[in-house]
Amino acid sequence: MTSSSALVLFSGGQDSTVCLAWALERYEAVETIGFTYGQRHIVEIEQRAVVRSKLATLNEAGRRLGPDTVLDLAALKSVSDTALTRETEITFAATGLPTTFVPARNLLFLTYAAALAYRRGIGTLVGGMCETDFSGYPDCRNDTVQALAHALSLGLDKPMSVETPLMFIDKAATWELASSLGGQKLIDLIIEDTHTCYLGDRSHRHPWGYGCGQCPACELRAKGWTAWQARKI
Ligand code: ZN
């Protein structure tokens, strides 16, 4: 395993873009992995290619960006909204999570990423999990992620660390981190090219980027942007 290489879980959203920029500053060789598993994510998959190519030329660190792998996890659809009964759908909707949310999804992603990292001689995974804003996502909590890192290290019989630079910061601080990593050029890239909206909306442009402006992901992104703007004053 090379300590100076990392595999970044990269969706093309704001959080994973900041994580990728973070990894490019720290590791000599950086690869990315993404997952397809539903209609909504076609927009994300399109945008992630755009974001990757722009990050590669954003600054000196961009030259460290290596190969990308996209895995088809079509089986996830079998446990997404179609798997909800009417009773659980109502309960689920009350959590504020989209009905397509797959419980423990991040555990599956990290496990697939670890399998690829192992084969490519990489001992560090980087993910945008954050427990500050995502209290509804128990698989994003630090305890969960680090317990999985431990299980993966045991199961692979090689150290596999999981770095989560956003774990304890809020969305406003994520914008600030982006600014410190790549200045206005990275902020502009995030606004113009990253995709976060659950509905796949890229027809409405807001100060913080594209999206429906209504779904939980848009609300969170907008709230963070507003808070960051207020902190800067
Ligand atoms: Zn939205």
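Let's start with the aromatic rings: how many aromatic pairs are there? The count comes to 6 aromatic pairs. Please keep in mind that this is a predicted model, so every value I mention is computed from it.

One of those pairs is phenylalanine 35 with phenylalanine 109, and it is stacked. The ring centres are 4.3 Å apart, with 5 degrees between the planes. For stacking, the planes have to be under 30 degrees apart, so this pair qualifies. Where do the two residues sit? Phenylalanine 35 belongs to strand β2, residues 29-36, while phenylalanine 109 belongs to helix α4, residues 105-119. The pair therefore ties together parts that lie 74 residues apart in sequence. Are these two residues buried or exposed? Phenylalanine 35 and phenylalanine 109 are both buried. Tyr37 joins in as well: ring pairs link Phe35, Tyr37 and Phe109 into a cluster.

Now let's stay with strand β2 and look around it. Of its 8 residues, 6 are buried, so β2 is largely enclosed by the rest of the structure. What is the order of the strands in the sheet? It is an open sheet of 5 strands, ordered β3-β2-β1-β4-β5, and the pairing is parallel. At the edges you find β3, residues 65-72, and β5, residues 161-163, each of which pairs on one side only. On average, neighbouring strands of this sheet are turned by 25 degrees against each other, ignoring direction.

You can follow the neighbours of β2 on your screen. Towards β3 there are 6 bridges, and the two strands run parallel; glycine 34 stands opposite valine 70 in β3. Towards strand β1, residues 5-9, there are 5 bridges, again with the strands running parallel. Here serine 5 has alanine 29 in β2 as its bridge partner.

Stepping back to the whole chain, we have 7 helices and 7 strands. Along the sequence they follow the pattern β-α-β-α-β-α-α-β-α-β-α-β-β-α. The chain has 233 residues, and buried residues make up 50% of them.

Next comes the metal site. Which residues hold the zinc ion? Its protein donors are the SG atoms of Cys197, Cys212, Cys215 and Cys218, lying 2.3 to 2.4 Å from the ion. Along the chain, these donors follow the spacing C-x14-C-x2-C-x2-C. Why do we call the arrangement tetrahedral? The 4 donor atoms subtend angles of 106 to 117 degrees around the zinc ion, and that makes it tetrahedral. As for burial, cysteine 212 has 14% relative accessibility and cysteine 215 has 8%, and because the cut-off for buried is under 20%, both count as buried.

There is one more ring to show you. The charged end of arginine 205 sits over the ring of tyrosine 210, 5.9 Å from the ring centre.

Finally, a word about the backbone. Most residues other than glycine have a negative phi. Which residues here have a positive value instead? Among them is alanine 104, with phi near 65 degrees. Alanine 104 is in the loop between α3, residues 86-94, and α4, and it is partly exposed at 34% relative accessible area. Another is aspartate 157, with phi near 60 degrees. Aspartate 157 is in the loop between α5, residues 142-156, and β5, and with a relative accessible area of 68% it is exposed.

How values were computed
Residues numbered from 1 in each chain as written. Predicted model: local features only at pLDDT ≥ 70, side-chain atom pairs only at ≥ 80, totals over all residues. Heavy atoms only, no water. Phe/Tyr/Trp six-rings, centres within 6.5 Å; stacked < 30°, edge-to-face > 60°. Helix = DSSP H or I, 4+ residues; strand = E, 2+ residues; numbered from the N terminus. Buried < 20%, exposed > 50% of the residue type's maximum accessible area, 1.4 Å probe, protein only. Lys NZ or Arg CZ within 6 Å of the ring centre and 35° of its normal. Donors = N, O, S within 2.8 Å, 3.2 Å for Na, K, Ca; no water. Tetrahedral: all angles 85-135°; square planar, octahedral: opposite > 155°, others 65-115°. Pairing = 2+ DSSP bridges. Axes fitted to C-alpha atoms, helices over the stretch in contact; angles between N-to-C directions.
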